[in-house]
Amino acid sequence: MKKRVVVGLSGGVDSSVAAYLLQQEGYEVIGLFMKNWHDDSVTISNECPWLEDSNDALLVAEKLGIPFQTVDLSEQYQEKIVDYMFSEYEKGRTPNPDVLCNREIKFAVFLEIALSLGADYVATGHYCQKRTTEIDGKPLYHLIAGADTNKDQSYFLCQLSQEQLAKSLFPIGALTKPQVREIAAEMELVTAEKKDSQGLCFIGKVRLPEFLQQKLQPKEGQIIQIDKNHSVYSSSDETETLDSLSHKITYTPEMGKVVGKHQGAHYFTVGQRKGLNVGGTTEPLFVIATDVVTNTIYTGLSSNHPGLFRRGLFIDASETHWIRTDLALSVGESKEVMARIRYRQPLQKATLHQEEKGMYVIFDEPQSAITEGQFVAWYQEDELLGSGVIA
């Protein structure tokens, strides 16, 4: 009996080649396109129209001679991703919809649909790899970075579980992007030259303020500039505790000067430079903090402003996730790892410290724009061990 795989055909070149490679390996392949979004008013429409994508996915399925269907998951997407995004932005946090989309949609709802079709696995066009070993006679699944370091997407899968990995295949993980395009061209797939989609998972490029304005009303507030030499940055604390290294500075308007106005603190994120519309500064202004309670944005001059940097972060116990559950730390334990706080950031040396209330991640070097609501992921060599939401 051939093993059956349902491939998430997105209408892009990566998933197209994934389907082809699985077919070559002797799997019975079914293509499934996920429709997750209906509202074109907030998408920059020509950037990722789902109609064109589903049509391309269909053409690829026809070319490969595999069954194809479209599933409408917009209701689940609205509930699990969009509503979550609104609530996070409202709290002044910056969510990562792509990580959530993989955890809640692609490798959950979509996986369930695939299993109901009698599939043994689901497959996606992610640039990452899976290895399997055994511990005490039981399989253990390892999430490994993609061979193409420039395209590695393991970070986006940092919330997957052993159960999800058990049912997942990543056919293009050992290839580079140029190799994938070459295969698509050889097979004369319609997606061979197609540009990579940008923006939100399944929605495409979104005008974020307009997207958020559906739920979060604009309200005017002040933009405050904090001087880089402010006394708040001269640390008098001789003993650097985990708490002090991870501690976020609390700013008040009296600490700086008003340099402009904004339309809502919840539209801004730490490290943001665009959209402030403050002129006349010697260097660009960057957001160093937002306060959604008082509706205030705090900024600093230049990307080297001390308000942007911190050596540590904290993850609440309920938000700490281990893919390698066998390596999870006990209270009081610590572990040296490599970690990143955003996609594409080069891995940084860090130490995990497990406490009762949660985990501290302390970096060897100060990190710029550590952002609440985003995910920190930690690795050992090229294996992703776990992740957590930055508190």
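This is a predicted model: local features need pLDDT of at least 70, side-chain atom pairs count only at pLDDT 80 or more; totals for chains, interfaces and linings use all residues.
At least two lining residues come from each of α8 (242-246), β10 (285-291) and β12 (309-316). Strand β10 gives the most to this lining, supplying 4 residues.

Aromatic side chains form 7 pairs in the structure. In one of these, the ring centres of F107 and F170 are 6.2 Å apart and the planes meet at 55°, so the pair is classed as tilted. F107 belongs to helix α4 (residues 97-116), whereas F170 lies in the loop between β7 (168-169) and α6 (177-186); the pair therefore ties together parts of the chain that are 63 residues apart in sequence. Both F107 and F170 are buried.

A further aromatic pair, between W322 and W378, is edge-to-face, with 5.4 Å from centre to centre and 70° between the planes. This pair also links distant parts of the chain, since W322 is located in strand β13 (residues 320-322) and W378 in strand β17 (residues 375-380), 56 residues apart. W322 and W378 are both buried.

Ring pairs also join Y155, F156 and Y343 into a cluster. A contact of another kind involves a charge and a ring: the charged end of K357 sits over the ring of F314, at 5.6 Å from the ring centre.

Definitions and conventions: Residues are numbered from 1 along each chain as its sequence is written. Side-chain values use heavy atoms; hydrogens and water are left out. Rings of Phe, Tyr and Trp (its six-membered ring) pair if their centres lie within 6.5 Å; planes under 30 degrees apart count as stacked, over 60 as edge-to-face and the rest as tilted. Buried means under 20% relative accessible area, exposed over 50%, partly exposed in between (1.4 Å probe, protein chains only). A charge sits over a ring if NZ of Lys or CZ of Arg is within 6 Å of the ring centre and within 35 degrees of the ring normal.
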